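Hello,

Here is the structure I promised to pass on to you. Have a look at it first, and then read on for what turned up.

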Amino acid sequence: MSGFVTVPEPEQVPGLTHVHTGKVRDLYRDGDGNLVMVAHDRISAYDWVLPTEIPDKGRILTQLSLWWFERLADLVPHHVISTELPDAAPAHWKGRTLVCRPLRMLPVECVARGYLAGSGLVEYRQSRTVCGIALPEGLEEGSELPAPIFTPATKAEVGEHDENVTYEDVARTVGAETAARLRHLTLAIYGRAKEIALDRGLVLADTKFEFGVEPGEAAGTADLAAEPAAVGEEPRIVLADEVLTPDSSRFWPADDWQPGRAQTAFDKQYVRDWLTSPASGWDRAADTPPPPLPDEVVERTRAKYIEAYERLTTLTWR
Ligand code: ATP
Ligand code: MG
């Protein structure tokens with residue numbers, strides 16, 4: 001059974017038109033036509049947005065994404081225009097708001113995996129493949145793959161699961177040329193990020209990117225592959241959304257990595273574990289909303305997000 005999502009009404013800000021509310025972010029259009037992305041402190045687990053927020057989470061993820069965008073800029077253009085608060089925006093938006101280029105998002109969750117975990121592990125155990133890619137025998141939970149792989153998924157509607165698809169499915173959806181470029185970019189960015197993370201003592205097991213194209217550059221999905229914007233010129237693929245945060249990635253402490261068991265996670269695993277423990281009293285199968293998180297769970301989860309930020313950036317969170 002899929003979860004049910006209720007999120008607060010978006011704040012109304014003069015000069016901004018609200019265009020979308022996601023599980024974590026509210027999106028607005030400003031007077032220049034740019035996209036204003038506000039990351040709130042909401043947290044989701046098991047396809048539910050939980051009734052309790054994690055203080056500062058939206059700011060932490062925004063600052064971490066910005067840090068990564070800068071470190072990847074020579075590999076791929078990104079969507080951020082400015083971190084300046086729009087006029088009339090409430091003060092608490094500071095640090096959690098990005099003014100971005102509005103893109104036509106490609107309908108593919110571009111996942112790279114260097115290690116076996118999550119839905120990859122489930123599929124491997126059934127068929128020794130991940131997204132249709134054959135893998136060697138004998139891999140265990142948490143094993144490093146012989147080489148990182150591109151394992152795309154469809155972007156699910158709110159409250160639904162993302163679903164793994166094959167590379168051929170992606171090629172059918174966005175065209176062969178664009179599919180090839182998405183795979184190339186995803187693996188190139190993952191490769192760079194994996195090294196940076198490992199330098200900081202973190203294993204980047206897997207991660208998800210979302211890409212878009214400038215709306216003017218191609219008329220429709222089919223055109224993306226068949227008809228580039230100008231002769232000899234491909235439509236520019238731009239890295240969007242959030243990148244390489246604990247919400248979009250699995251980070252594991254490298255000194256504790258050991259295949260053959262569940263790894264210590266740097267994300268909301270602590271929340272998931274509490275929700276499914278007897279202490280929460282929540283029956284995940286019963287399609288009832290999860291209960292509020294106790295203060296201790298909130299504090300430990302917040303500390304995990306801060307630790308991920310501080311270890312990756314080597315900056316001090318304030
Ligand atoms: P989840 O990330 O948990 O799946 P979600 O995707 O529903 O949830 P949020 O992350 O809360 O939503 O909202 C961000 C939304 O903005 C996503 O739908 C994403 O595809 C979209 N988005 C990100 N960057 C851009 C951009 N530059 N132009 C247009 N849309 C964008
Ligand atoms: Mg998202």
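**Two loop residues with positive phi**

Asp287 sits in the loop that runs between α6 and α7. Please keep in mind throughout that this is a predicted model. The phi of Asp287 is near 55 degrees, a positive value in a residue other than glycine.

You will find Leu244 in the loop between β16 (237-240) and β17. Leu244 has 0% relative accessibility and so counts as buried.

**An aromatic cluster**

Now to the aromatic rings. The count of aromatic pairs in the model comes to eight. One of them is formed by Tyr115 and Trp252, with 5.8 Å from centre to centre and 75 degrees between the planes, an edge-to-face arrangement. Tyr115 belongs to strand β9 (residues 110-115) and Trp252 to strand β17 (residues 249-253), so this pair ties together parts that are 137 residues apart in sequence. How accessible are the two partners? Tyr115 is buried, at a relative accessible area of 4%, and Trp252 is buried with a relative accessible area of 4%.

Tyr115 forms an aromatic pair with Trp257 as well, and this one is edge-to-face, at 5.6 Å centre to centre with 85 degrees between the planes. Here too distant parts of the chain are linked: Tyr115 is in strand β9, while Trp257 is in the loop between β17 and α6 (269-275), 142 residues apart. Trp257 has a relative accessibility of 30%, so Trp257 counts as partly exposed. Taken together, Tyr115, Trp252 and Trp257 form one aromatic cluster.

**How the helices pack**

There are two helix pairs I would like to show you. Helix α1 (residues 57-72) packs against helix α7 (residues 295-313) at an angle of about 20 degrees, and their axes are 10 Å apart. That angle makes α1 roughly parallel to α7, since angles under 35 degrees fall in that class. The crossing of α1 past α7 is left-handed. Which residues meet there? On the α1 side they are Lys57, Ile60, Leu61, Gln63, Leu64, Trp67 and Trp68, and on the α7 side Tyr305, Ile306, Tyr309, Leu312 and Thr313.

The other pair is helix α3 (residues 167-174) with helix α4 (residues 176-199), which pack at an angle of about 125 degrees with their axes 7 Å apart. α3 and α4 are therefore oblique to each other, and α3 passes α4 in a right-handed crossing. From α3, the residues Tyr167, Val170, Ala171 and Val174 meet Ala176, Thr178, Ala179, Ala180, Leu182 and Arg183 in α4.

**Charges over rings**

Two of the residues in that last contact bring me to the final topic. A lysine does something of the kind elsewhere: the charged end of Lys304 sits over the ring of Phe266, 4.7 Å from its centre.

Enjoy exploring it, and do write back with any thoughts.

Best wishes

Technical notes
Residues numbered from 1 in each chain as written. Chains lettered and ligands numbered in written order. Predicted model: local features only at pLDDT ≥ 70, side-chain atom pairs only at ≥ 80, totals over all residues. Heavy atoms only, no water. Phe/Tyr/Trp six-rings, centres within 6.5 Å; stacked < 30°, edge-to-face > 60°. Helix = DSSP H or I, 4+ residues; strand = E, 2+ residues; numbered from the N terminus. Buried < 20%, exposed > 50% of the residue type's maximum accessible area, 1.4 Å probe, protein only. Lys NZ or Arg CZ within 6 Å of the ring centre and 35° of its normal. Axes fitted to C-alpha atoms, helices over the stretch in contact; angles between N-to-C directions. Parallel < 35°, antiparallel > 145°, perpendicular 65-115°, else oblique. Left-handed = near helix turned anticlockwise from the far one by under 90°. Contact = heavy atoms within 4.5 Å.
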